[in-house]
Amino acid sequence: MAAIDCGTNSIRLLVADLPDPSAGPQAPLVDLTRRMEIVRLGQGVDRTGRLAPEAIERTRLALAGYAAEIERLGAQRVRMCATSASRDAENAGDFRAMVERTLGVAPEVVTGDEEARLSFTGAVRGLPADAEPPYLVVDIGGGSTEFVVGTRTEGVQAAISMDIGCVRMTERHLHGDPPGLDEIAAAQADIAVAVDRALAAVPGREVATLVGLAGSVTTVVAIAEGLTEYDPKRIHHARVSYDRVADVTADLLAKTREQRLASPVMHPGRADVIGAGALVLRVIMERAGMSSVVASEHDILDGIAWSLAETAADDRRS
């Protein structure tokens with residue numbers, strides 16, 4: 001199975017096999033490849049309402065490489081989900097046509113609710129025993145952040161998507177390098193309003209464990225853990241305290257882009273927006289009253305792949 005997640009900042013690929021049935025119900029997928037490229041599809045969407053031609057071209061080049069990899073590995077089923085930027089854009093038809101030409105399948109512009117449910121499915125499978133339910137899963141993307149509450153046994157109980165992604169907040173508020181205190185205060189106030197609405201809707205203050213997904217969270221965790229290189233195995237299911245998240249956030253917001261690039265765990269395409277992503281995570285922890293966050297490297301990509309597995313099983317039964 002091949003799963004592609006095309007968000008506001010990055011496009012990612014997972015090609016995987018199903019686990020052996022003897023591995024148990026919480027066994028993860030068997031990864032054949034995971035790839036990620038920063039394409040910034042959502043460049044300027046918050047301001048213009050349109051996808052920039054150069055952003056569509058960057059995405060096309062990455063997608064062409066993914067299509068070749070999918071063919072090489074012989075994936076039998078392919079699903080591509082496009083999220084926040086392509087939901088918002090007036091010229092989403094141009095993006096859709098490009099994907100069909102390049103990949104051979106149409107992208108599914110999923111709703112915020114479906115995005116949240118896919119993220120939850122991918123994230124909670126295989127959580128460690130000390131991660132007590134119910135869970136609040138937060139997926140901090142480029143254009144939006146998904147909030148999902150649920151358990152493994154009962155599934156999703158409530159979900160909501162808010163427009164407070166790291167790219168959107170950077171473009172809207174954090175213009176300085178480093179951003180000024182007034183810019184940070186404006187971003188924090190904007191984020192807090194959205195987070196309070198989300199936590200009331202899901203409801204996110206009645207959970208036992210906060211699970212954080214996507215590059216902003218995993219990068220903050222990698223820095224907090226003092227890693228000398230980005231190591232997904234050490235980041236996956238690492239638990240980091242609020243105090244460490246707050247310290248890392250303050251440090252990132254005080255640095256210039258060049259200084260952030262010097263971090264050995266920083267992806268070059270994330271350096272200009274990581275301050276906003278960290279700030280979203282910190283505000284969520286504050287407003288939800290969470291003393292720690294558990295990072296997960298498994299997220300919407302895994303959820304998309306599991307959805308393909310369910311479709312295959314339904315086809316066999318019919």
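In describing how two axes are oriented, angles under 35 degrees count as roughly parallel, those over 145 as roughly antiparallel, those from 65 to 115 as roughly perpendicular, and the rest as oblique. The model discussed here is predicted. Helix α12, residues 274-288, packs against helix α7, and its axis also comes within 9 Å of that of helix α8.

**Helix α7 with helix α12**

- Helix α7 spans residues 181-201, and its axis lies 9 Å from that of α12, at an angle of about 50°.
- The two helices, α7 and α12, are therefore oblique to each other.
- Their crossing, that of α7 and α12, is right-handed.
- On the α7 side, the contact is formed by Ile184, Ala187, Gln188, Ile191, Ala192, Val195, Asp196 and Leu199.
- On the α12 side, the partners are Leu279, Val280, Arg282, Val283, Ile284, Arg287 and Ala288.
- Sorted by class, the residues in this contact of α7 with α12 are 11 nonpolar, 1 polar and 3 charged.

**Helix α8 with helix α12**

- Helix α8 covers residues 215-224, and its axis crosses that of α12 at roughly 90°.
- This angle makes α8 roughly perpendicular to α12.
- Ser216, Val217, Thr219 and Val220 of α8 make the contact with Ile274, Gly277, Ala278 and Leu281 of α12.
- By class, the contact of α8 with α12 comprises 5 nonpolar and 3 polar residues, with no charged residues.

**Nonpolar cores**

- The largest nonpolar core holds 53 residues, of which Leu136, Phe147 and Ile164 touch the most other members.
- Helix α12 gives the most to this core, contributing 10 residues.
- Another core, of 24 residues, lies apart from the largest one and has Val45, Leu51, Met98 and Val99 among its members.
- Leaving out residues up to four places away in sequence, isoleucine 164 touches Gly143, Ser144, Thr145, Phe147, Met169, Ile191, Ala194, Val195 and Val280.
- Among these neighbours of isoleucine 164, Ile191 and Val195 belong to the α7 side of the contact with α12, and Val280 to the α12 side.

**Arginine 96**

- Arginine 96 is located in helix α4, which runs over residues 92-103.
- Its relative accessibility is 39%, so arginine 96 counts as partly exposed.
- Apart from neighbours within four places in sequence, arginine 96 is in contact with Ala106 and Pro107.
- Serine 86 is 10 residues from arginine 96 in sequence, and their C-alpha atoms are 8.8 Å apart in space.

Technical notes: Residues are numbered from 1 along each chain as its sequence is written. This is a predicted model: local features need pLDDT of at least 70, side-chain atom pairs count only at pLDDT 80 or more; totals for chains, interfaces and linings use all residues. Side-chain values use heavy atoms; hydrogens and water are left out. Axes are lines fitted to C-alpha atoms, for helices over the stretch in contact, and angles run from 0 to 180 degrees between N-to-C directions. Helices (H or I, at least four residues) and strands (E, at least two) are DSSP runs, numbered from the N terminus. A crossing is left-handed if the near helix is turned anticlockwise from the far one by less than a right angle, and right-handed if clockwise. Contact means heavy atoms within 4.5 Å. Ala, Val, Leu, Ile, Met, Phe, Trp, Tyr, Cys and Pro count as nonpolar, Asp, Glu, Lys and Arg as charged, and the others, Gly among them, as polar. Buried means under 20% relative accessible area, exposed over 50%, partly exposed in between (1.4 Å probe, protein chains only). A nonpolar core is a set of buried Ala, Val, Leu, Ile, Met, Phe, Trp, Tyr and Cys residues joined through side-chain atoms within 4.5 Å.
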